[in-house]
Amino acid sequence: MDKNKKFYVTTPIYYPSGIPHVGTSYTTIVADVVARFKRLQGYDVMFTTGTDEHGQKIEEKAKKEGKTPKKYVDDIVEKYKSLWSLLNISYDKFIRTTDKPHEEAVKKIFNELYNKGEIYKGTYKGWYCTPCEAFFTDTQLKDGKCPDCGREVNWAEEEAYFFKLSKYGDKLLDYYKKHPRFICPEGRKNEMIQFIKDGLDDLCVSRTSFKWGIPVDFDKNHVVYVWLDALTNYITSQGYGSKDDSNYKKYWPANIHFVGKEIVRFHVIIWPAILMALGLPLPEQVYGHGWILFGDGSRMAKSKGNVIDPVVLSERYGVDALRYFLMREFSFGSDGLFTNEALIKRINFDLANDLGNLLSRSVAMIEKYFGGTLPEEQKLGNIDNELALVAMNVCKKYEELMDKYNFSGALGEVWLLISKCNKYIDETMPWQLGKDEKKRSRLAAVLYNLCEVLRIISVLIYPVMPSTSEKIWQQIGAGKEVRTWDSISKWGELPKNITVKKGEVLFPRIDVEKEIEALNSLYHAKKSEPKNENVVSLIDIEDFAKVSLIVAKIKECEPVKKSKKLLKLLVDDGTGERTVVSGISQYYSPEELVGKSVILVSNLKPAKLCGVESHGMILAATCPDGAVKVIFVDDMAPGSKLS
Ligand code: MSP
């Protein structure tokens, strides 16, 4: 293999904040199709995917589920990995931003940019929600209040590090000009140019308001803020910043970053600017694909009864049918609507009728007329050349279209060839030839030609439907040497005396009405399942042991100024006094609490609530009628431990 023939393809790294669905599977299947196609063409391929695991959202989700952020992301990453294995995703490297080598490399990159003066310390300004500990911009606020909890927000400023993105505007525009294929499709490029022309702001690359992130090496109060952490995955996954960076040297720059249209901006502005600042080469191309829209036209909605769980769809129709549908139905750069009806139609028409029938008819006739093995003696006809010519032409067009990431067009070419074959059967009428003993050698040639086209088709569909290709190879008796890309550039590579073997039906036909009904009831059953937030997740005894519960006696109590909900308590925890803030002022007056003993979570990290630092939390119960009652334990001495 030519050592320089390398190809590096990436997917975005996914937020493990929910389970993957058909939408997130889309980018990954696309990248897999390209990786498989390039391997077929003889490239040394590096295909990466992974997860983007840091940030406040993940920290909060984990908290909601009563897990540590690491445990939370570990559990979801397992789900991603098992879905990718089900969908036959042939990635070479799965990068997690919590991988130690990545974390270390990001620290180094941050240091380097700081030392070069590309990162500086400044002030981050915005609307701050104290209980949520989060900043929001003007546009993010909902009716002037926190978009997450609906509470009042205050204008606040926080120390933060900034990357000098603003100085890269002209350099980026110049780069786009010199590399016209850097941003694809073309329409997205114009959007980006306009965005830059409107003026770039420096980019905030650190935060102090949450902890779940990579600490800034020289200023431990700060964690690296998401995009610098996320984008660098494309080089750290290859060992950049580690001792062994041989893969980085071999594969970087990437040939193609596949991303959804909403994150093109980060990939064609922030990412190249970071690389320029580091003095590293830029990726060859960023392709921003469209969204798959569901039911009501939104990106994520599971409405209108569409089942969009890739596991359910793969179980019902097979992984290859789902992969085919996603690659064929949607025009890659544009948005498209996902419906179960369209999926079933594609399966019935393209896969069961056209492809499946062609294979089963051809194999059945060879078994019927020749006992499964074709004779060497075959008589060519004029019409055969035409078929061979169409096949060779389709191979060429397919390659061109695949190289332009026009998957739907490339598959369209293959289906032209399939219909050409079905026409060839109508024209040659093998069932008539079979009636005449003298026409045996002509019949053998016709059936051979069908198998030869099926061989070519099976190689062409391999990147999209690898398991189906395997099944076809088994049935038409195609050996390894005739399954290669090179082998389909020549007609007649399949040995003349092949032996076929009937196998299972590739794609059983689906009764559309019954199936839609079944999917609808499945959808409604799923919808009425209890929602996640009502499910209490199970924990291990070790998890529980991490919580320190002790009895504490309330010595003093007063309302927190400027707060309608908070009380400030001074408690005796058996070893000394500490301040605890509790949101119970609507339910208790300070007088009702002083002198009472309560249960205290004593090892909670200190947190500031409305300017008062709280060192723990007292336990209270929310009753079914909505009342909140503090748990009093007056007969126990302060410092008593609960277990
Ligand atoms: N973590 C960032 C990416 C960082 S890359 C350095 C992120 N993650 S994401 O999980 O929100 O989205 C990942 C990808 O999934 C995006 O490219 C997004 O466009 C894609 N999709 C999510 N839903 C989709 C559809 N419904 N349709 C098509 N793609 C979809 O952004």
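How many nonpolar, polar and charged residues does the shell around the ligand have? In this predicted model, the shell is made up of 14 nonpolar, 9 polar and 3 charged residues. Of the 26 residues around the ligand, those that come nearest are Ile13, Asp52, Gly260, Glu262 and Ile292.

A polar backbone atom of Ile13 is placed 2.8 Å from a nitrogen atom of the ligand, and a polar backbone atom of Gly23 is found 3.4 Å from a ligand nitrogen. The side chain of Asp52 contributes an N or O atom that lies 2.8 Å from a nitrogen atom of the ligand. The elements that supply two or more residues to the shell are strand 1 (6-14), helix 1 (22-40), helix 7 (226-231), helix 8 (233-236), strand 12 (256-260) and strand 14 (292-294).

Two or more lining residues are given by strand 3 (93-96) and by helix 4 (100-115). By class, the lining of the second largest pocket comprises 3 nonpolar, 7 polar and 3 charged residues.

The loop between strand 3 and helix 4 holds Thr97, a residue that counts as buried because its relative accessibility is 0%, where buried means under 20%. A polar atom of the Thr97 side chain is positioned 2.7 Å from the backbone nitrogen of Glu53.

A further buried position is provided by Leu278, which belongs to helix 10 (residues 264-278) and has a relative accessibility of 6%, so that Leu278 also falls in the buried class. Although Leu278 and Glu112 are 166 residues apart along the chain, the separation between their C-alpha atoms is 7.8 Å in the model.

Technical notes. Residues are numbered from 1 along each chain as its sequence is written. This is a predicted model: local features need pLDDT of at least 70, side-chain atom pairs count only at pLDDT 80 or more; totals for chains, interfaces and linings use all residues. Side-chain values use heavy atoms; hydrogens and water are left out. Helices (H or I, at least four residues) and strands (E, at least two) are DSSP runs, numbered from the N terminus. Ala, Val, Leu, Ile, Met, Phe, Trp, Tyr, Cys and Pro count as nonpolar, Asp, Glu, Lys and Arg as charged, and the others, Gly among them, as polar. A residue is near a molecule or strand if one of its heavy atoms lies within 4 Å of it. A polar contact is a pair of N or O atoms within 3.5 Å; within protein, one must be able to donate a hydrogen and the other to accept it, and residues adjacent in sequence count only if both atoms are side-chain atoms. Buried means under 20% relative accessible area, exposed over 50%, partly exposed in between (1.4 Å probe, protein chains only).
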